[in-house]
Structures are given as C-alpha cells and as structure tokens.
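Work through the exercises below with the model open. Try each task before reading its solution.

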Amino acid sequence: MTGDDAHGPALPERDRAVLALERRSWPGTGAKERAIREQLGISPVRYYQLLNALLDDQAALEHDPVTVNRLRRVRAARRQRR
C-alpha cells in the first residue's frame, strides 16, 4: 500500500517497519533490541512508545490486523492483571 487509498492515507514507512519487526519471532530480547537500533535507528524505549500508539491507530489495524489485534489482546491481558 502506498499513498492514499479508499480507506485514507497509507501507514508511514516507519510505522510499517515497526509492525514488521513485531511480526518476527526473536531468539531473545537482545536480538530484538539490536534489530530495533540497527534497522530503525531508534531506542527500544521509543520503539515501544511508537508500537503502543500504533495499537490505537486505525491505519495500522488495516495494514496488519493480525499483528495489531494480537498485541491489543496482550496489552488488555496485562492491564487486567494490574
């Protein structure tokens, strides 16, 4: 998806890259954090801030509904445990 489509503006490249990283499985936290820094050029803290905001973004849901819905369920379960 590039540019605007019938559903509105496409998801920015950085946001698509965040979701793509989140779709992958990782052998451990260190590998994922290293990939965040190397591929996105941001800190892991900033990555998780962006990711959390994407969970509430309709464009992100339309772009990758499986990943966004999975992460929404994880977030909701964590909130219930608190």
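About 280 Å³ of space lies in the largest pocket. That volume is the space filled by probe spheres set on grid points, which are joined across faces, edges and corners. The model is predicted: local features need pLDDT of at least 70, side-chain atom pairs count only at pLDDT 80 or more, and totals for chains, interfaces and linings use all residues. Numbering starts from 1 along each chain as its sequence is written, and side-chain values use heavy atoms, with hydrogens and water left out.

**Exercise 1. The pocket**

Task: find which residues line the largest pocket, and which helix supplies the largest share.

Solution. Start with the term. On a 1 Å grid over the protein atoms alone, a pocket is an open set of points with protein on both sides within 12 Å along at least five of seven lines; lining residues have an atom within 4 Å of a point.
Next, list the lining: Glu 22, Lys 32, Tyr 48, Leu 51, Asn 52, Leu 55, Arg 70, Leu 71, Val 74, Arg 75 and Arg 78.
Then assign elements. Helices are DSSP runs (H or I, at least four residues), as are strands (E, at least two), numbered from the N terminus. Helix 5 gives the largest share, five residues. Helix 3 and helix 5 each supply at least two.
Last, sort by class: five nonpolar, one polar and five charged.

**Exercise 2. The chain and its core**

Task: state the order of elements, then locate the largest nonpolar core.

Solution. The chain has five helices and two strands. From the N terminus, the order is β-β-α-α-α-α-α.
Of the 82 residues, 33% are buried (under 20% relative accessible area, 1.4 Å probe, protein chains only).
A nonpolar core is a set of buried Ala, Val, Leu, Ile, Met, Phe, Trp, Tyr and Cys residues joined through side-chain atoms within 4.5 Å. The largest one has 17 residues, and Leu 19 and Tyr 47 have the most contacts inside it. Helix 1 (13-23), helix 2 (29-40), helix 3 (44-54), helix 4 and helix 5 each supply at least two of its residues. Helix 3 gives the most, four.
Now take Tyr 47. Beyond four places in sequence, Tyr 47 is in contact (heavy atoms within 4.5 Å) with Val 18, Leu 21, Glu 22, Lys 32, Ile 36, Leu 40 and Ile 42.
Finish with helix 1. Its buried residues are Asp 15, Arg 16, Val 18, Leu 19, Leu 21 and Glu 22. They pack against helix 2, helix 3, helix 4 and helix 5.

**Exercise 3. Two single residues**

Task: is Asp 64 buried or exposed, and which residues does Pro 44 touch?

Solution. Asp 64 sits in the loop between helix 4 (58-63) and helix 5 (65-81). Its relative accessible area is 8%, so Asp 64 is buried. The Asp 64 side chain makes a polar contact with that of Thr 67 at 2.9 Å (a pair of N or O atoms within 3.5 Å; within protein, one must be able to donate a hydrogen and the other to accept it, and residues adjacent in sequence count only if both atoms are side-chain atoms). Outside four places in sequence, Asp 64 contacts Leu 19 and Arg 23.
Turn to Pro 44, in helix 3. Pro 44 is buried, with a relative accessible area of 8%. Not counting residues up to four places away, Pro 44 touches Glu 33, Ile 36 and Arg 37. The C-alpha atoms of Pro 44 and Glu 33 are separated by 5.9 Å.

Terms used
Buried < 20%, exposed > 50% of the residue type's maximum accessible area, 1.4 Å probe, protein only. 1 Å grid on protein atoms, 1.4 Å probe; cavity = no way out; pocket = protein on both sides within 12 Å on 5 of 7 lines; lining within 4 Å. Nonpolar A, V, L, I, M, F, W, Y, C, P; charged D, E, K, R; others polar.
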